[in-house]
Amino acid sequence: MAEGALRAGAHPSGWQGSTRILSRRFLAPAVFELELERPAEFRFLPGQRLRLRREGCDRDYSIASGPGEPGLRLLIRLFPEGRMSPWLAAAAPGTAIEGSGPHGYFLFDPAGGTPVFVAAGTGVAPFRSMAAAGAAGFVLFQGARTEAELFYRSLLEPRAGRYLGCLTRERPPRPAGTRAGRVIDALREDLPPGSYDFYLCGRGEMIRDALQVIDARFPGARVFTEAFS
Amino acid sequence: MKISTGSGDGGRTSLFSGERVRKDDLRLEAQGDLDELNAVIGCLAASLPAAAAALKPELGAVQADLFPIGAWLSLGGPSPAAALLPPLDAGRTARLEEAITRMERALPELRSFVLPGGGIAAGWAHLARTVCRRTERRVVRLFDARTEDPPPALLEAVRYLNRLSDYFFLLARTLNRIEGVEETPWRKEP
């Protein structure tokens, strides 16, 4: 797909309405990929979110599919006590759900320095969308507990200029293309001085820690963040 | 929406454009003034006398207008996010101008300066006016700091803020009239 799909060429639309669950696939015991029917008028830019609503509960999910793909894929962590994810994990295909979007400003800007994507857990979703839309040559530090939880690695690694999985609970021997530790450790130890644009997606604690490292090591860098609550 | 992430604990924050800036950056100062203005309008709306309750939706619309202005202020340099921001078109300013004309027609002509104050609501309106003027001055200073021409949205923001302070001045006078509070003319000698 042309780079234009990453920018404002395909201008997002405001949509609110009902969609349907098409399929669900568990990628790990507590993480699943949900595919939803994409409403005809729903246009988005890679990095944006879809908001789902059920019984007065709103949840935003980064869209993992590219703008050119027919469905809307979401990468969802199951929180057993949550109000939305257990229902999504159990709803039958064909079930309708209310939604709106796209939301958010976590957009890829190819005009800057070398992009460094930093993803923790399901925070890799927007980067899959950006890669599906043509982003390439980026550095990707992908954090997970085990190698099996490096979601979308097979799609992302070939498109990356440099890929490093950061595993916190994988036992030796260390899998190829990975290191022990958090993505924060990779930012601190595995990135040489240079001109970078950082894109951070994950839990707020990861974003906070990553910003501390980036402000200290790369004070002139641009930083784009998308924090999960 | 999570309010506290702790990501700004180091005294820096990110603009829409990704630029990391100190929290005393001029763009954030302008946003802070805008935020203060919006809070003052909230106090003004809360203090409206029952006879002026019809003005509440108008103030709510002004509060809503300040959000996209804040977004444009935080844009920083060129950014794909600009395509997603609500446009700042002349329609918002025209709406203010209509309200200004409506109030001007209903008020007696001013023949001297008046002391800011009167009723509580009018006092809040005067405070909103002064915070609005400070916000406008700060946004204008942003133009000097930019290396490129300001985007049309920012130029429209300045027009809007300029009208808005006039609006608050007339609103203060209108509220005093509604509440039957005499305006106090300024005199050289007390």
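Student: So, at what angle do the axes of H2 and H5 of chain B cross?
Tutor: At roughly 145°. Keep in mind that this is a predicted model. Helix H2(B) covers residues 56–73 and helix H5(B) residues 152–179, and their axes come within 10 Å.

Student: Left-handed or right-handed crossing?
Tutor: H2(B) passes H5(B) in a left-handed crossing.

Student: And which residues meet there?
Tutor: From H2(B) you have Val62(B), Asp65(B), Ile69(B) and Trp72(B). They face Ala153(B), Leu154(B), Ala157(B), Tyr160(B) and Leu164(B) of H5(B). By class, that contact has 8 nonpolar residues, 1 charged and no polar ones.

Student: Switching to chain A: what is the secondary structure there?
Tutor: Chain A has 5 helices and 12 strands. Of its 229 residues, 44% are buried.

Student: How does the radius of gyration of chain A sit with a compact globule?
Tutor: It agrees: chain A has 17 Å, and a compact globule of 229 residues would be near 17 Å. Along the principal axes, the C-alpha atoms of chain A fill a box of roughly 50 × 40 × 30 Å.

Student: Nice. What about pLDDT in chain A?
Tutor: The average is 92, and 94% of the residues score at least 70.

Terms used. Residues are numbered from 1 along each chain as its sequence is written. Chains are lettered from A and ligands numbered from 1 in the order in which they are written. This is a predicted model: local features need pLDDT of at least 70, side-chain atom pairs count only at pLDDT 80 or more; totals for chains, interfaces and linings use all residues. Helices (H or I, at least four residues) and strands (E, at least two) are DSSP runs, numbered from the N terminus. The radius of gyration is taken over C-alpha atoms; the globule rule is 2.2 Å times the number of residues to the power 0.38. A residue is buried if 20 or more other C-beta atoms lie within 10 Å of its own, exposed if 12 or fewer, and partly exposed in between; C-beta atoms are placed from the backbone. Axes are lines fitted to C-alpha atoms, for helices over the stretch in contact, and angles run from 0 to 180 degrees between N-to-C directions. A crossing is left-handed if the near helix is turned anticlockwise from the far one by less than a right angle, and right-handed if clockwise. Two residues are in contact if their C-beta atoms, placed from the backbone, lie within 7 Å. Ala, Val, Leu, Ile, Met, Phe, Trp, Tyr, Cys and Pro count as nonpolar, Asp, Glu, Lys and Arg as charged, and the others, Gly among them, as polar. pLDDT is the predictor's confidence in each residue, from 0 to 100.
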